[in-house]
Amino acid sequence: LVFLVKSSRYRTNVAFAGTTAQRGTVRVKLRNASGALIGEGTKDILPNGQTQIDRVFDAFGAPATTVARAEVTSDVPVVAFATVIDERTGDPFAVLAQKASAASVDLVVPSTVHKDGANNAKYRSDLRIFNPSAEAATVTLSLYPGGATTSSPVTRTLPLAAGALAGLDDVLAGTFGLFDAYGALRITSTKPVLALANTFNDAPEGTSGQELPGVPVSTFAV
């Protein structure tokens, strides 16, 4: 789970759907951006049922952390997911678990944005990139702008240590310096990585958004 947060703005729940008639146990390890363990615990899994851990950072004694992930292992088959919830409004966005084996050296996040819209809307995209490899990676972000054709996308390159999670908040403004833009991001890396973006309206009363995972080009393009 590569996009977990605990702050004055957000809290995170994690949940598991048992997919068999077996009772089992799931273990969750919370890690910060550098990969350091900040909390862990276990939860019994209900057979053919859903089990949830509310406020997982508090439940496992982890400190407030704005760039965090969780490793989930289980002795029975489960589907794991998280909900990151705006403390002001109760609006969540979903984070589906991704297998480390699904990491790729060539991903696409179909949409990212930094634009202002009607009724004072402020559309923004936060991005997380995780390197599950035991070796450091060099990651290149290429922006393909919306409504245009380009053979030379704007690029940015960043190092990503082994086991590290990059937190690129408001990625178009913060990483590319673009304050009125939208488009797809292609993520290429020297080691397989996982990625997930949260695109949302950053309103004064709270946020409302959705997740868009980085999808391997080999499986996404048609």
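Trainee: Which residues does Asp180 touch, not counting residues up to four places away in sequence?

Mentor: A contact means heavy atoms within 4.5 Å. Leaving out residues up to four places away in sequence, Asp180 touches His114 and Lys115. Please keep in mind that this is a predicted model: local features need pLDDT of at least 70, side-chain atom pairs count only at pLDDT 80 or more, and totals for chains, interfaces and linings use all residues. Residues are numbered from 1 along each chain as its sequence is written, and side-chain values use heavy atoms, with hydrogens and water left out.

Trainee: Where is Asp180 found, and is Asp180 buried or exposed?

Mentor: Helices (H or I, at least four residues) and strands (E, at least two) are DSSP runs, numbered from the N terminus. Asp180 is in the loop between H2 and strand S14 (181–203). For burial, look at relative accessible area: buried is under 20%, exposed is over 50%, and partly exposed is in between (1.4 Å probe, protein chains only). Asp180 counts as exposed because its relative accessibility is 57%.

Trainee: How many salt bridges does the structure hold?

Mentor: A salt bridge is a side-chain nitrogen of Lys or Arg within 4 Å of a carboxyl oxygen of Asp or Glu. The structure holds 14 of them. In one of these, the closest N and O atoms of Arg31 and Glu71 are 2.9 Å apart. That pair links distant parts of the chain, with Arg31 in strand S3 (residues 24–32) and Glu71 in strand S6 (residues 65–74), 40 residues apart. Arg31 is buried, at 16% relative accessibility, while Glu71 is partly exposed at 31%.

Trainee: Which side chain meets Asp169 in a salt bridge?

Mentor: Asp169 pairs with Arg128 (2.8 Å, N to O). Asp169 sits in the loop between S13 and H2, and Arg128 in strand S10 (residues 122–130), so this pair too joins distant parts of the chain, 41 residues apart. Arg128 is buried, with a relative accessible area of 2%, whereas Asp169 is partly exposed, with 43%.

Trainee: What is the nearest side chain of opposite charge to Glu211?

Mentor: For charges, Lys and Arg count as positive and Asp and Glu as negative; His and the chain ends are not counted. The nearest side chain of opposite charge to Glu211 is Arg128, 12 Å away; Glu211 is buried yet has no salt bridge. Glu211 belongs to strand S15 (residues 206–213). Beyond its neighbours within four places in sequence, its contacts include Phe93, Val95 and Leu196.

Trainee: What is the phi of Arg55 near?

Mentor: Most residues other than glycine have a negative phi. Arg55 has a positive value, near 45°. Arg55 lies in the loop between strand S5 (50–53) and helix H1 (56–59), and is partly exposed at 37% relative accessibility. Asp170, also not a glycine, has a positive phi of about 45°, and its place is the loop between strand S13 (165–168) and helix H2 (171–174).
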